[in-house]
Amino acid sequence: MKKTQFIIMVLVIMTGVVITSCVTFKGNKNAYAWGDYNNATYSYMRLSDSTNTNYLSNVYTKLISLERVPPTVCADYGYLLLKANKQTEGKALLLKEEELYPESKVFIDKFLNTLQK
Amino acid sequence: MKKIIITVLTIVTICSCASLPNRKEAYPKIYDEKPVSILIMPPINRTIDVEAKDAFYSTLTIPFAQKGYIPLPPMLAMDILKSESAYDAEMFANGSVKKFGELFGCDAVLFTTINRYQKKKISAKIIVEIEYTLKSTKTDEILFNRIGKLVYQPKSGNSNSLIGLAIDHAVNMLDVALTKKVFVARACNSASLDVLPEGKYSSLFLQDTAMEAGKNKFDASVSSVTGM
């Protein structure tokens with residue numbers, strides 16, 4: 001084997017080793033779809049007027065219809081509905097969040113208890 | 001000659017892959033405790049940008065949820081924290097967070113500090129620097145800490161003439177003027193939290209221990225950010 005061929009072979013092998021050992025990345029396959037959540041929450045946080053509230057509500061409505069609803073969406077949408085005096089729908093969504101993500105149960109129950117007082 | 005080449009390449013390979021700790025070595029406590037629910041505190045704002053706090057708060061839910069954690073609902077949490085006089089996270093960052101676990105049932109509390117949130121129009125740059133600290137509500141231990149700094153600077157053209165350079169700069173200034181700081185903040189979150197160990201709802205939960213943890217201080221420059 002010629003010296004040049006040997007060098008090329010070694011380089012190819014080492015490049016392969018580097019790529020396979022360092023660059024391979026498997027992402028979380030359970031990641032959620034968020035639609036326009038980022039922009040809607042950003043706008044609402046800056047100014048909670050009727051335009052931005054409607055924008056956020058529309059985004060939430062789309063997200064809760066997904067097969068895999070992202071965490072926090074049902075609860076925050078429920079809270080938004082409660083603030084709009086839609087008690088039944090609001091509470092139902094907060095309870096749906098507990099059902100989907102039981103880790104939020106203590107927090108949500110505490111909030112629901114304050115409403116009853 | 002062959003021995004020298006092999007030795008050099010082996011050293012390069014080892015240095016490129018083994019110089020940084022893996023996630024298990026860097027963040028052992030998070031693997032021990034396996035926190036799931038996270039209370040995201042309102043950011044601590046060390047900048048003069050009064051909008052930074054609320055704007056940045058809106059960016060934190062998605063990266064933690066995508067990593068397999070369950071953030072407590074941010075809009076509801078924000079209002080509850082305000083009503084409990086806990087809106088200023090500075091008051092709790094250095095103290096015990098166990099009471100948050102007892103009150104809200106969360107496993108960990110996230111503190112973020114915005115050190116820089118600047119748009120520099122003359123030099124056509126946006127600079128964001130954030131510190132992320134995740135504290136256990138069971139032990140008060142720091143489970144994860146990382147500082148991320150991201151500089152957004154649009155690509156310069158290849159103009160050699162003075163007029164060409166002036167046009168490039170004008171285009172860059174316009175680009176920066178149209179880019180919101182919050183876009184850069186989101187990119188900073190993605191880059192800085194990429195090495196956070198995967199949470200319970202991730203398909204990679206407890207399978208990422210050998211993945212590289214990166215440096216504790218992340219510093220990068222990008223020439224494009226998306227609005228999402």
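**Notebook: a predicted two-chain model**

I started at B:Asn189, which counts as buried because its relative accessibility is 1%; buried means under 20% relative accessible area, exposed over 50%, and partly exposed in between, with a 1.4 Å probe and protein chains only. A note to myself on the ground rules: this is a predicted model, where local features need pLDDT of at least 70, side-chain atom pairs count only at pLDDT 80 or more, and totals for chains, interfaces and linings use all residues. Residues are numbered from 1 along each chain as its sequence is written, chains are lettered from A and ligands numbered from 1 in the order in which they are written, and side-chain values use heavy atoms, leaving out hydrogens and water.

**Entry 1: around B:Asn189**

I placed B:Asn189 in helix α10 of chain B, residues 181-193. Helices here are DSSP runs of H or I with at least four residues, strands are runs of E with at least two, and both are numbered from the N terminus. Which side chain makes a polar contact with that of B:Asn189? I found the side chain of B:Tyr132, at 2.6 Å. For a polar contact I need a pair of N or O atoms within 3.5 Å; within protein, one must be able to donate a hydrogen and the other to accept it, and residues adjacent in sequence count only if both atoms are side-chain atoms. I then listed the contacts of B:Asn189 (heavy atoms within 4.5 Å). Beyond its neighbours within four places in sequence, B:Asn189 touches B:Phe56, B:Thr59, B:Leu60, B:Pro63, B:Tyr132 and B:Asp194.

**Entry 2: cysteines**

How many disulfides are there over all chains? I count 0, taking a disulfide as a pair of cysteine sulfur atoms within 2.5 Å.

Chain B has 10 helices and 7 strands, and 50% of its 228 residues count as buried. Among its contacts between residues at least 6 apart in sequence, 72% join residues at least 24 apart.

Chain A has 6 helices and 0 strands. Of its 117 residues, 40% are buried. For contacts in chain A with a separation of 6 or more, 40% are between residues 24 or more positions apart. The accessible surface of chain A is about 6,800 Å², and carbon and sulfur atoms hold 59% of it.

**Entry 3: the largest nonpolar core**

I define a nonpolar core as a set of buried Ala, Val, Leu, Ile, Met, Phe, Trp, Tyr and Cys residues joined through side-chain atoms within 4.5 Å. The largest one has 86 residues, and those touching the most other members are B:Ile30, B:Leu39, B:Met41, B:Phe100, B:Phe104 and B:Phe144. Which helix gives this core its largest share? Helix α4 of chain A (residues 73-83) does, with 8 residues. In soluble globular proteins, nonpolar side chains tend to be buried together.

I followed B:Phe100 further. Leaving out neighbours within four places in sequence, its contacts are B:Leu39, B:Met41, B:Leu81, B:Phe92, B:Gly105, B:Cys106, B:Val109 and B:Thr137.

**Entry 4: strand β6 of chain B**

Strand β6(B), residues 142-152, is largely enclosed by the rest of the structure, because 9 of its 11 residues are buried. Two strands pair if DSSP finds at least two bridges between them. Strand β5(B), residues 125-136, pairs with β6(B) in the antiparallel sense over 10 bridges, and B:Ile127 stands opposite B:Val151. Their hairpin has 5 residues between the strands, with B:Asp140 at a positive phi near 65 degrees. Strand β7(B), residues 217-222, runs parallel to β6(B) with 6 bridges; I noted B:Gly148 and B:Phe218 as bridge partners.

**Entry 5: helices α2 and α3 of chain A**

Helix α2(A), residues 37-46, is mostly covered, with 9 of its 10 residues buried. Its cover includes α3 and α4 of chain A together with α4, α5, α6 and α10 of chain B.

In α3(A) I looked up A:Ile64. Is A:Ile64 buried or partly exposed? It is partly exposed, because its relative accessible area is 22%. A:Ile64 lies 14 residues from A:Ser50 in sequence and 21 Å away in space, C-alpha to C-alpha.

Technical notes: Accessible areas come from the Shrake-Rupley method with a 1.4 Å probe; for residues, only the protein chains shown count as cover.
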